[in-house]
Amino acid sequence: MNLLVNMPWRKHPVITSLAVLIVALLTWGFWPQPVFIESVAVQHGPLTITIEEEGRTRVIDRYVIAAPVDGVACRQQLNVGDEVEQGQVLLGITPLASQVLDPRSRAQAQAQVAAAESALQAAEQQAQAAEATAKLAVIERNRLKPLVEKGVISTDAFDKAATEVQTTAAAKRSAAFSVEVARYELQSAKTLLEYTSATARTGAGEPIERVPVTSPITGRILKVVRECEGPVRTGDELLEVGDPSVLEIEVDVLSADAVKIKPGMKVLFDRWGGDEPLEGKVRNVEPVGFTKVSALGVEEQRVNIISDFTSPAEQWQRLGDGYRVEARFILWHEDDVLQVPASSLFRYQQGWALFVVDNSHAKRRVVKVGQRNGLTAQILEGVSEGEKVINHPSDDVEDGRRVKERG
């Protein structure tokens, strides 16, 4: 009992209390504190892998109206957007008398008529071939439809047949337009020859009738190159006409992405001005690339992807030639995929890993990753649905470290 009374800490209770407090504070300060984290539950859900690029609409068949003869064009009365009918006179050109009286020009005009007649025959034959191909594609699609319903063939084979129907139908329309253009070119060549012969008979002193320039198709004026009256030479552009109700979408993508895109692939078009995205299918991946300088000044190899709308026409008829859209090419899609945020993954031993929250501690877990987009990753093995993983793990998070949910 006397020993306890004589202990130093009994004589200086204040100093002893301060020492105990300092030791407690040092112990608390150096004790490992939990790292604040944000966790996300592993869950099943849909996952889509896409390639996104900007594109623009364009009229499938557009025609440049050029001057058939040298002369003086009258003042243009048409404006962009005006509707025109096939065969409608768009403007007139007063030929130059000295030019049409030239025997050499007359001989060239006769040769142009013969060439135009041959081009018309070739276009008609191509139109017949395109029509036969389109009929065959429809027959093939109708033949495969009951087979895919019974499960005899894959859906992919039927989709290819359906895409072939759309492709051949577009080729048929284009071939029909080509026939009309060939007839227009033949008419222009005959007009030149007719006025050459008429001028040779009447003489240069007689007044020359204007050469009418007509529209090869029914559509709208897309561009007016010349508005004022003035001299023109043969081949000078005057107008552009086309049918804006028949559109296609041109999207240029990186060549590394173009190899992943195939004809028949589904496309979604966003930010075109409507409330809902439009649907389409890839018709053609052009086999030739080109160099384009990006906004950062980097040269890139790009490839044009041509797609058609599959949404009902009344949904996109407000679009016109050269309108901007954002295209999303669907490379891969599943409705039920085990997934985690891509920001929760990190590289570990030549593979991927993440931190799982287990009893307020971070546990490193090696996982096998499948498909990924910029935000989400498919997990094939390593975690189960409902487990919580650390999103955006900092450098302070280590295997076995205590963690605490932020907020």
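**Close-up views of a predicted model**

**View 1. An open sheet of four strands.** In this sheet the strands follow the order β7-β6-β4-β9, with antiparallel pairing. Strands β7 (211–214) and β9 (230–232) stand at the edges with a single partner strand each, so one side of each is left without a neighbour in the sheet. On average, neighbouring strands here are turned by 40 degrees against each other, direction ignored; axes are lines fitted to C-alpha atoms, and angles between N-to-C directions run from 0 to 180 degrees. This is a predicted model, where local features need pLDDT of at least 70 and side-chain atom pairs count only at pLDDT 80 or more, while totals for chains, interfaces and linings use all residues. Residues are numbered from 1 along each chain as its sequence is written, and side-chain values use heavy atoms, leaving out hydrogens and water.

**View 2. Where β4 meets β9.** Strand β4 (residues 71–73) runs antiparallel to β9, and three bridges join them. Look for glycine 71, which stands opposite valine 232 in β9. Two strands pair if DSSP finds at least two bridges between them. Strands (E, at least two residues) and helices (H or I, at least four) are DSSP runs, numbered from the N terminus.

**View 3. Strand β19 and its partners.** Strand β19 (residues 376–381) pairs with β15 (residues 324–341) in the antiparallel sense over three bridges. Here alanine 377 of β19 is the bridge partner of valine 340. Strand β18 (residues 361–372) also pairs with β19, again antiparallel and over three bridges, and lysine 368 stands opposite glutamate 381 in β19. A hairpin of three residues joins β18 to β19.

**View 4. A cluster of aromatic rings.** Ring pairs link Phe269, Phe309 and Trp316 into a cluster. Rings of Phe, Tyr and Trp (its six-membered ring) pair if their centres lie within 6.5 Å; planes under 30 degrees apart count as stacked, over 60 as edge-to-face and the rest as tilted. The count by this rule is three aromatic pairs. Phenylalanine 269 and phenylalanine 309 are edge-to-face, 5.5 Å centre to centre with 70 degrees between the planes. This pair links distant parts of the chain, 40 residues apart: phenylalanine 269 lies in strand β12 (residues 266–270) and phenylalanine 309 in strand β14 (residues 299–309). Phenylalanine 309 and tryptophan 316 are stacked, at 4.7 Å centre to centre and 20 degrees between the planes. Phenylalanine 269 is buried, as are both phenylalanine 309 and tryptophan 316; buried means under 20% relative accessible area, exposed over 50%, partly exposed in between (1.4 Å probe, protein chains only).
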